[in-house]
Amino acid sequence: MTSEAVPHVPIPPRGVDYRNKIVLAPMVRSGELPSRLLALQYGADLVWGPETIDQSMIGTTRRVNERTGCIEWSRLPSNSGVLVENMKPSIIYRMHPEREGRKLIYQMGTCSPERAVEAARIVAPDVAGIDINAGCPKPFSTDGGMGAALLKTPDKLCAILEALVANIVPEYGIGISVKIRILKDPKDTEALVRRLVRTGIIGLTVHCRTTPMRPRERAIRDQLRMVRDVCHEAGVACLMNGDVTSRDHALALMEEYGVDGAMIATSAEKNSSCFRSEADGGMAGWSEVVEAYLRHAMDVGNKFGNTKYLLAQLVPGRHAEQVGMFRGHSYSDMCAALGYAHLMDKAHEVDEALEIDPASLRRAKEELERQKKLRKAQSNEARRLQRSSGVVGSGNASAAAAGGNTAVARSSEQAPKRSLSERGPTASVVSGIAAEAAVVAADGTLPSKAGIAA
Ligand SMILES: Cc1cc2nc3c(=O)[nH]c(=O)nc-3n(C[C@H](O)[C@H](O)[C@H](O)COP(=O)(O)O)c2cc1C
């Protein structure tokens with residue numbers, strides 16, 4: 001059945017239709033604002049924000065950041081419910097109204113219809129849709145009855161969706177959707193989907209893995225056609241998710257399975273240019289993507305720890321180690337390590353605005369200066385060797401010695417020793433970096449990738 005042949009649940013006036021869309025998946029940490037802007041830059045049609053728990057939004061204050069144009073919902077940090085004095089408010093959710101607002105779907109973690117509605121009212125005026133996460137298998141979600149736990153409590157899941165449809169759709173004119181995983185028995189998946197599509201939702205995303213499946217295990221697509229048919233009978237758009245690697249791959253799968261759209265997570269996390277079709281240029285190299293990401297991160301004043309985490313996903317590990325990226329403590333450090341002298345002024349500005357330690361600004365300047373001196377010394381040395389090779393017909397010191405020109409050979413051997421820092425990563429430096437990365441990981445700013453996969 002093609003999507004044209006099926007009835008459509010009406011799309012609310014401020015909502016978006018998920019049909020014919022290739023979208024960025026919700027990803028905690030990896031789906032913050034700069035990642036979403038990057039995905040949109042490379043052609044994602046819609047972007048899902050990272051799952052945000054209802055209770056963390058309730059009680060936040062909304063403000064427009066004049067410097068960046070972002071809308072930020074923040075609250076004072078609390079320690080076991082007790083407000084901590086003299087602390088800066090922490091930003092719980094951030095979006096950019098002009099650059100993503102009409103394409104942003106807010107994803108919520110919840111297990112309560114009342115709280116879901118209360119939290120949805122906070123963001124609904126600013127986003128294009130609200131999605132409920134019914135697929136996260138992590139204990140922090142399932143222990144509270146949220147995420148994949150909702151697959152086992154369909155009454156509760158339906159009550160949440162119905163409450164949102166009854167309140168948020170008429171009040172704010174945006175659509176409600178849900179993201180689920182398949183159940184082991186296709187009959188159970190079918191029974192669940194039949195109930196979900198009758199709640200008034202406009203879209204359903206099916207992650208083609210069961211709850212216990214690990215992200216490395218291949219997605220199972222056997223149930224996809226059945227889920228699509230049930231969605232289409234009710235006029236609900238069906239998005240597929242799981243091992244979709246690029247726009248062209250998504251289009252081929254949409255054709256093969258007759259679904260309305262596709263959602264991409266890990267491939268986009270590694271390189272968002274996967275949203276660009278071959279016809280439009282295809283995948284870009286990592287260095288282009290990294291620079292584009294850094295620009296977005298600085299434009300919106302993204303939290304530095306998150307930017308560093310994302311850069312660690314985007315920059316190949318060897319290169320990151322070689323340039324000392326893991327040692328960076330500021331945007332200036334990152335630009336210095338990556339050799340982005342042209343972004344340095346912007347980086348200083350952002351560091352200042354975010355009140356990032358000025359000592360790291362100084363270190364970044366020194367690093368750029370050091371690189372400049374090193375390049376100069378290297379080109380002087382190359383010129384000197386060229387000149388001397390003109391005398392003996394070879395720039396190679398041992399060849400010169402073998403040819404009897406001991407003066408040239410000695411002068412090459414006696415080239416000034418480079419300092420440790422100029423020699424690039426030796427074993428001890430590399431292990432130092434690794435140790436430092438581990439400390440950062442312990443701080444929570446650069447954790448291992450293994451963990452999260454809702
Ligand atoms: C880092 C990371 C964070 C994720 N966070 C969420 C989330 O907040 N909400 C959600 O529904 N799924 C989340 N997921 C799951 C993805 O949205 C997606 O369903 C899953 O990775 C399968 O897609 P893929 O095969 O394209 O990676 C996350 C996945 C990753 C890798």
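Ile 264 touches Ile 22, Leu 24, Ala 25, Val 244, Ala 250 and Cys 274, leaving aside residues up to four places away in sequence; two residues are in contact if their C-beta atoms, placed from the backbone, lie within 7 Å. This is a predicted model, where local features need pLDDT of at least 70, side-chain atom pairs count only at pLDDT 80 or more, and totals for chains, interfaces and linings use all residues. Residues are numbered from 1 along each chain as its sequence is written. Let's start with the whole chain and then visit some of its parts.

**The chain as a whole**
- The secondary structure comes to 19 helices and 14 strands, where helices (H or I, at least four residues) and strands (E, at least two) are DSSP runs numbered from the N terminus.
- Of the 454 residues in the chain, 42% are buried. A residue counts as buried if 20 or more other C-beta atoms lie within 10 Å of its own, as exposed if 12 or fewer do, and as partly exposed in between, with C-beta atoms placed from the backbone.

**The largest nonpolar core**
- Ile 264 returns here: together with Leu 204, Ile 264 touches the most other members of the 117-residue core. A nonpolar core is a set of buried Ala, Val, Leu, Ile, Met, Phe, Trp, Tyr and Cys residues joined through C-beta atoms within 7 Å.
- Helix 6 (residues 154-172) gives the most to this core, with eight residues.
- The core lies between domain 1 (3-284) and domain 2 (288-361), because both give residues to it; the domain bounds come from an automatic or database domain assignment.
- As a general background, nonpolar side chains tend to be buried together in soluble globular proteins.

**Strand 9 and its partners**
- All six residues of strand 9 (residues 104-109) are buried.
- Leu 104, Tyr 106 and Met 108 point one way from strand 9, while Ile 105, Gln 107 and Gly 109 point the other way.
- Strand 2 (residues 46-48) pairs with strand 9 in the parallel sense over two bridges, and Val 47 stands opposite Leu 104. Two strands pair if DSSP finds at least two bridges between them.
- Strand 3 (residues 52-53) also pairs with strand 9 in the parallel sense, over two bridges, and Ile 53 has Gly 109 as its bridge partner.
- Strand 10 (residues 129-134) runs parallel to strand 9 and is joined to it by four bridges, with Met 108 opposite Ile 132.
- Strand 9, helix 4 (residues 113-123) and strand 10 make a right-handed β-α-β unit. Right-handed means that, with the strands pointing away from the viewer, the path from the first strand over the helix to the second runs clockwise.
- Helix 4 has Ala 116, Val 117, Ala 119, Ala 120 and Val 123 as its buried residues, and what covers them includes helix 2 (54-57), strand 8, strand 9, strand 10 and helix 6.

- Three strands form an open sheet in the order 4-5-8, with antiparallel pairing.
- Strand 4 (61-64) and strand 8 (90-95) are the edge strands, each pairing on one side only.
- Neighbouring strands of this sheet are turned by 30 degrees against each other on average, direction ignored; the axes are lines fitted to C-alpha atoms, for helices over the stretch in contact, and angles run from 0 to 180 degrees between N-to-C directions.
- Four bridges join strand 4 to strand 5 (residues 71-75), and Arg 62 has Trp 73 as its bridge partner in strand 5.

**Two helices to look at**
- Helix 1 (residues 33-41) is largely enclosed by the rest of the structure, because eight of its nine residues are buried.
- After helix 1 comes Gly 43, whose phi is positive, near 110 degrees.
- Ser 360 lies in helix 16 (residues 358-392) and is buried, with 20 other C-beta atoms within 10 Å.
- Ser 360 touches His 329, Ser 330, Ser 332 and Asp 333, not counting residues up to four places away in sequence.
- Ser 360 and Gly 328 are 32 residues apart in sequence and 7.9 Å apart in space, C-alpha to C-alpha.

- Most residues other than glycine have a negative phi.
- Asn 20 has a positive phi of about 60 degrees; Asn 20 sits in the segment before strand 1 (21-24) and counts as exposed, with 12 C-beta neighbours inside 10 Å.
- Glu 355 has a positive phi of about 55 degrees; Glu 355 is in the loop between helix 15 (344-353) and helix 16 and is exposed, with 8 other C-beta atoms within 10 Å.
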